[in-house]
Structures are given as structure tokens and as C-alpha cells.
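Please look over the model below before reading on. The paragraphs after it go through the structure part by part.

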Protein chains: 2
Amino acid sequence: MDRQQDNLRQRPLLTVDVVIFALREGDLHVLLVRRKRPPHMDMWAIPGGLVELDEALEAAAVRKLEEETGLCDVYLEQLYTFGDPRRDPSDRLISVAYFCVVPANSVVPCASEDAEHVRWWSIYGLPPLAFDHPQILRYALIRLRYKLEYTAVGFELLPKEFTLTELQSTYEIVLGETLDKRNFRRKILSAGVIEPSGLQRTGEGRPARLYRYREDAVAEVKARRLFP
Amino acid sequence: MDRQQDNLRQRPLLTVDVVIFALREGDLHVLLVRRKRPPHMDMWAIPGGLVELDEALEAAAVRKLEEETGLCDVYLEQLYTFGDPRRDPSDRLISVAYFCVVPANSVVPCASEDAEHVRWWSIYGLPPLAFDHPQILRYALIRLRYKLEYTAVGFELLPKEFTLTELQSTYEIVLGETLDKRNFRRKILSAGVIEPSGLQRTGEGRPARLYRYREDAVAEVKARRLFP
DNA sequence: ACAAAAGTGTTGAGAGTACACCCATGC
DNA sequence: GCATGGGTGTACTCTCAACACTTTTGT
């Protein structure tokens, strides 16, 4: 089997799909697009597309993310590669799935597409999805929850400055369980990954201190679980 | 951008690479093959090859594993997908990397190839490797160590029956650190993932009880770290 | 009897968990 | 002054880590 023979084989199509998570309205949401062409025309799907031949995989994922949300410079991670021969009935299609989490209100979800065709969906009320995208989403959600437990990924869901109550609420929404307020605060503060910004957020009730994520804390956070 | 246009694009070559770990002579080893064709002719490389167009990714990895080792039915896991456009200078090459761990003495490393071209290498004395395979190996090793800490993957490195000292030694070799005998035994036994087989291994010194892995224990092991 | 490897408990320190009330502000 | 959300401390339990000697066999 030499190189000439390789070139006689058919080659697969290579795509990236990017699962984009955000917190909206007290729920975890994902950004989906409505397909404009077959197969699975008019079904909702995870944003994605073909990888250019001279483009790195992660670069393609970053490009897709920017096309759909206008965001750049966000936390993006390779999730898994899906390549079942029957996932697209008409062609062999390999999808390298990435996932990321973004602060909801920094996103313009319709930047590059017709507004009708890109929108957020709560993970608890998803529409029918194209291809094996339900499986990809399930997998992404497991990975997100898992990462939340031992890394600082939770901060990516929030704006630069946030209150401890907002942070706790983020964890509760993603993990799907309630946490004790005092224990949460003790643990997050003793982990040394956030610092007070000195400002306060005012609103109903007592004003809350604002915190920000400490950039220099990434490495140490990755070493140990943050939450039980 | 429709399907006809897709077909005009060049498509990448799709390969799987399988990192195969085993314990031999008190060291962690990987199985490498010597390349018989360009690029990187005569360099050592991780076993792998093209995915057939109608073949699932994992099926291709299993096939490769069996071709190189004669083993089937082993623990195999997708590691990461490497697709930098410049990893092969002559063609766009996507590699979905898998890794597995096998009991060393159950392997006939030359089953399907010339003996000269397949052999075990200690991870502490690797030869120069083709492509980005040093990176793949580094990544596989991190993942193996990490998995060892919170799953039962260590048992895959041993024969069906083993002594506690052998199991501890396995962990020590893979993690690269020594462990306390009493703490190790207490922890592994209280985790309830192994059971005595009733037999003993005799040799120099006092005979050791033999244990085996409890098949029904997989799920619970994955839930919690086994070792610090 | 001795060499060689197997096997066995206790204690102190730190982390996790459960739990209820006072504080600062806007209206 | 009251409604609303922000902020705080303690006691118990459990897990982890450190540490050294006795037991069983083969020669």
C-alpha cells in the first residue's frame, strides 16, 4: 500500500462542530443553527462546517465560533471525534467536535447569519437535532460538568466581574444541584482563584462585592477539584 | 457552498494511530513500528494506518491493534485528534489517536510484521519518532497517569490474577513515584474492586495471595479517584 | 536459622459537611 | 421599618498520610 494507492482511495469529508454553552435566564443554553441544505435540511444542528485543507482543526473551530457568535479569544477545547460511517448517509463525514463556554450577554448570536437561523436553546428543551448531534451534545454536557468540578471553567460563563452569588448560581445551574452558601464561599475563596475588584454591585438588597478571576491562578486550579 | 462544491475540495487522508502501553522489565513500554515507506522512512512510529471508507474509527483502531499485537478485546480509548496541516509535509493527514494498555506477556509483538520492525520501547529511552508522534506519546502518557488515579485502568496492565505487591508496583511504575504499602492495600481493598481468587503465588519468601479484578465493579470505580 | 517477601493498625492533621443568624441597602 | 439579597463561624466526621514490626515460606 503506497502513496499512489492511498490517493486512489476515497477520502472523507472533514468538519468541525462547535458546541457553544452559555448561561441565559437561569438555564444552561447551547447555540444551534438551522440547516439550510440537505441532508437534514431545516433541522437544528450544532454549528460547524468543513475544515479548509490548509487550516488547523482548532483554527477551523475558532473560525466557526467567530462566524456564529462574533466572539474570539474564548476557552475552546477538543471534545471528541465522531466518525461513524453511517452518520451521514450520503458521504463519509468525520466531525471533530469542540466545545466552549461563553458569557451569554457578550454574544451577538446572529452576527453572520439570518437571525431566523441561529438561536439559543435550553439544554432542557432541545428540538430534534440533525445527524448524531444529540450524542455530541450529551457528551459535551458530561464533559462540561466534569470540568467544572476540577477546573476554573465556571468563570468563562460569567462576565469579567461577578458576585459570589452569581458564581454559585452558575455552578448550581451547570451541575444541576444546590450548594451550601457558606461552604461554597469558603472553598472558592481559599482556593485563591478569585480576587475582589474593589467595586460593588448595587440593586435590590445589600450591595454585593464584585470579584474577578485571577489570571495567574489557572495552573494551580487545574491541579485539584474545586467542588465535591 | 453545496455538495458539488464540497466534492471539488481536496479531502484529507484519515488515519488512526494506536498507542499501546505495557509493563515490561519494571518499566512502562510502548509498542513502536519502523516505517517502511516515506515520509519518515526507517523512523520509528506509533502503529497506525488508513481508515477504510466504510469502517468506524474505533474499528480501525481495533484492527490495527490486532494486526500489531494479535490482541483483541482490550480496553481502548480515543485520545485526541491531531490534524495540523504541516504534520505531514506531502499531504493533509488527520490522525485520530487511540490508546490502550495491555498485559505484556499476552502479546506477540511481531504477529503480522517482520520481527525487525515491531518492538517494545521503554518510555524513558525512546528513539527519534516520525511526524508529531512525540507529542502524541506525551499526551497519551499524561492521560494514562491521569486515568490511573481515578479509574481501574491499572488492572489492564496485569494478567487476570495478580498479587497486591504486583499491583502496587504497577501503579508505582506508571506514576513514577513510590507508594506506602499499608495505605495502598487499605485503599485498594476498601474500594471493593478486587477480590481474592483463593489461590496463592509461591516463590521466594512468603507466598502471596492472588487477587482478580471484579467485573461488576467498573462503574463504581469510575466515580471516584482511587489514588492520591 | 536466616533470607526474602507478605501481611498487618494506630494516630494526628486537614478537608468536607451540616447548619442559622445578622448586615447593608432601597423603597 | 421592612423586604431583599449579602455576608459570616463552629462542631463533627471522615479521609489521608506517616510510620515499623511480625508472619510465612524456601533453602
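Two strands pair if DSSP finds at least two bridges between them. The model is a predicted one, and by that rule chain B holds an open sheet of three strands in the order β8-β10-β9, with antiparallel pairing. The edge strands of this sheet are β8 (161-162) and β9 (194-201) of chain B, and each of them pairs on one side only. Strand β10 of chain B covers residues 208-213 and is joined to β9(B) by five bridges, the two strands running antiparallel.

Which residues does B:L179 touch, leaving aside its neighbours within four places in sequence? B:L179 is in contact with B:Q168, B:Y171, B:E172 and B:F184. For one of these, B:Q168, the separation from B:L179 is 11 residues along the chain, while the C-alpha atoms of the two are 7.5 Å apart.

The next part is the surface near DNA strand D. DNA strand D is surrounded by 21 residues, and the closest are A:K181, A:G205, A:R206, A:R209 and B:R206. By class, the residues of this surface comprise 12 charged, five polar and four nonpolar ones. Elements of both chains take part: α5 (181-190) and β10 (208-213) of chain A, along with α5 (181-190) of chain B, each supply at least two residues.

Which parts of DNA strand D face the protein? Of its atoms within 4 Å of the protein, sugar or phosphate accounts for 40%, and the rest belong to bases. Individual contacts involve phosphate as well as bases. In chain A, an N or O atom in the side chain of A:T165 is 3.1 Å from a phosphate oxygen of DNA strand D.

Of the area that domain 1 of chain A buries against domain 2, A:L23, A:L148 and A:E149 supply 45%, more than any other three residues.

Key
Residues numbered from 1 in each chain as written. Chains lettered and ligands numbered in written order. Predicted model: local features only at pLDDT ≥ 70, side-chain atom pairs only at ≥ 80, totals over all residues. Heavy atoms only, no water. Helix = DSSP H or I, 4+ residues; strand = E, 2+ residues; numbered from the N terminus. Near = heavy atom within 4 Å. Polar contact = N/O pair within 3.5 Å; in protein donor to acceptor, adjacent residues only side chain to side chain. Nonpolar A, V, L, I, M, F, W, Y, C, P; charged D, E, K, R; others polar. Buried area = accessible area lost by both parts, 1.4 Å probe. Contact = heavy atoms within 4.5 Å.
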